[in-house]
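Hi everyone, thanks for making time today.

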Amino acid sequence: MVDARPQQPLFAFGVIADIQYADIDDGYNFQRTNRRYYRSSIELLRNALDSWSKAAVRPGFILQLGDLIDGHNKLLAASDRAVDAVLKELCSVDAHHVWGNHEFYNFSRDWLLRSKLNSTPQGSQKEVGSNVYAYHFSPYPGFTFIVLDAYDVALLGREESSPGYREALTLLRRFNKNDNLNCPPGVGLLQRFVMFNGGFSKKQLSWLDSVLTSTDERHEKVTIACHLPVHPNSTDPLCLLWNFDEVLAVIRSHSSVVCFMAGHDHDGGYYFDEDTGIHHVTFEGVIETPPDSNAFAIVSVYEDRMELKGSGRVADRVFFFPQSCRS
Ligand SMILES: Nc1ncnc2c1ncn2[C@@H]1O[C@H](COP(=O)(O)OP(=O)(O)O)[C@@H](O)[C@H]1O
């Protein structure tokens, strides 16, 4: 049978998550269930770059889904060295950087906003507000990508004296009564209320809503990139965004969203929300990927679908765009 699907993609992009590079020996996650390959994570990034450079349709840009370097660097006073080493590898590509918890272990929000990890395109700097790192870009007519700030309401990256910090602390303490706020409370979805997660402010949600109103009107296809997953079926609840329900309500009310890409849960995850046609993909983390494997993807975008070709731990997937409109 002849495959009627068009064979030439409109464009392609690369995806990689949770590199967490540090020039230190292997270690483990907090539960000691998964090994962490701090030093070789940069080799796996090189594998990804090599593969992307040889792809039939080379990625026009890369989504780097956050946690570029590990928090251990801070303790070793090696944050600048580590981030320079990883950014040097990425200098040959147009990378869109998402910020994760490890960005804030290493750097202040002010430093990040002034750094190369701020990939906001010229001209869209002030859209959400000077202290929120969120923007959108269109790499091809009819397609928009939105980078979201999952630590907009958070303890991480906010000055203890700031109203934002106090607001986040009040929210977290309402659900988490532990002395150590990284220790999860209760069971199920409540576990998300830990200090290494965060959430969206009303301001960012309303900005997202307005961007999606415009993309709906233009009948565009939107992919959202964020460090924290927002669908409970796409992640361990420990890694879920605090106000995931609020952001789900926003994206469900817009017909243009086709895919939500996140990192943070190094085991990865995937859920297709049949009601909305939105694919929620959580990418396997490079940091917990053995040196003889890989964790990256190239996504080829066609008129009717995106084809994700995974490497190593990342599975292949096809995301067909919904035909009907949501309202
Ligand atoms: N169950 C827990 N109790 C107390 N602290 C925890 C727990 N889980 C994680 N942490 C701490 O929270 C921080 C972030 O956890 P970690 O697993 O390293 O995050 P990531 O997966 O983003 O690397 C670390 O300082 C870790 O020690």
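Strand 7 is covered on both of its faces: F143, F145 and V147 on one side, T144 and I146 on the other, all of them buried. By buried I mean under 20% relative accessible area, with exposed being over 50% and partly exposed in between, using a 1.4 Å probe and protein chains only. Five of the five residues of this strand are buried, so strand 7 is largely enclosed by the rest of the structure.

Quick housekeeping before I go on. This is a predicted model, where local features need pLDDT of at least 70 and side-chain atom pairs count only at pLDDT 80 or more, while totals for chains, interfaces and linings use all residues. Residues are numbered from 1 along each chain as its sequence is written, and side-chain values use heavy atoms, with hydrogens and water left out.

So which strands partner strand 7? On one hand, strand 6 joins strand 7 through four bridges, and the two run antiparallel. Within that pairing, F137 stands opposite F145. The hairpin of strand 6 and strand 7 has two residues between the strands, and G142 there takes a positive phi near 90°. On the other hand, five bridges join strand 7 to strand 8, and these two run parallel; V147 has A225 of strand 8 as its bridge partner. For the definitions: two strands pair if DSSP finds at least two bridges between them, and the elements are DSSP runs numbered from the N terminus, helices being H or I of at least four residues and strands E of at least two.

Six strands form an open sheet in the order 6-7-8-9-11-10, with mixed pairing. Strand 6 (135–140) and strand 10 (269–273) are at the edges with a single partner strand each, so one side of each is left without a neighbour in the sheet. From one strand to the next, the twist averages 15°.

Helix 8 (residues 244–252) lies across strands 8, 9, 10 and 11, at about 140° to strand 11. Contact means heavy atoms within 4.5 Å; axes are lines fitted to C-alpha atoms, for helices over the stretch in contact, and angles run from 0 to 180 degrees between N-to-C directions.

A hairpin of four residues joins strand 13 to strand 14, and the two run antiparallel, with four bridges between them. L308 has R317 as its bridge partner.

What about the nonpolar core? The term covers a set of buried Ala, Val, Leu, Ile, Met, Phe, Trp, Tyr and Cys residues joined through side-chain atoms within 4.5 Å. The largest one has 87 residues, and F13, L63, L208, M261 and F283 touch the most other members. Apart from it lies another core of eight residues, including V153 and W242.

Last, the rings. The structure holds 21 aromatic pairs. Rings of Phe, Tyr and Trp (its six-membered ring) pair if their centres lie within 6.5 Å; planes under 30 degrees apart count as stacked, over 60 as edge-to-face, and the rest as tilted. W99 and F104 have ring centres 6.1 Å apart and planes at 85°, so that pair is edge-to-face. Both W99 and F104 are buried. Y133 and Y135 are also edge-to-face, because their centres are 5.8 Å apart and their planes at 65°.

That's my tour, and I'm happy to take questions.
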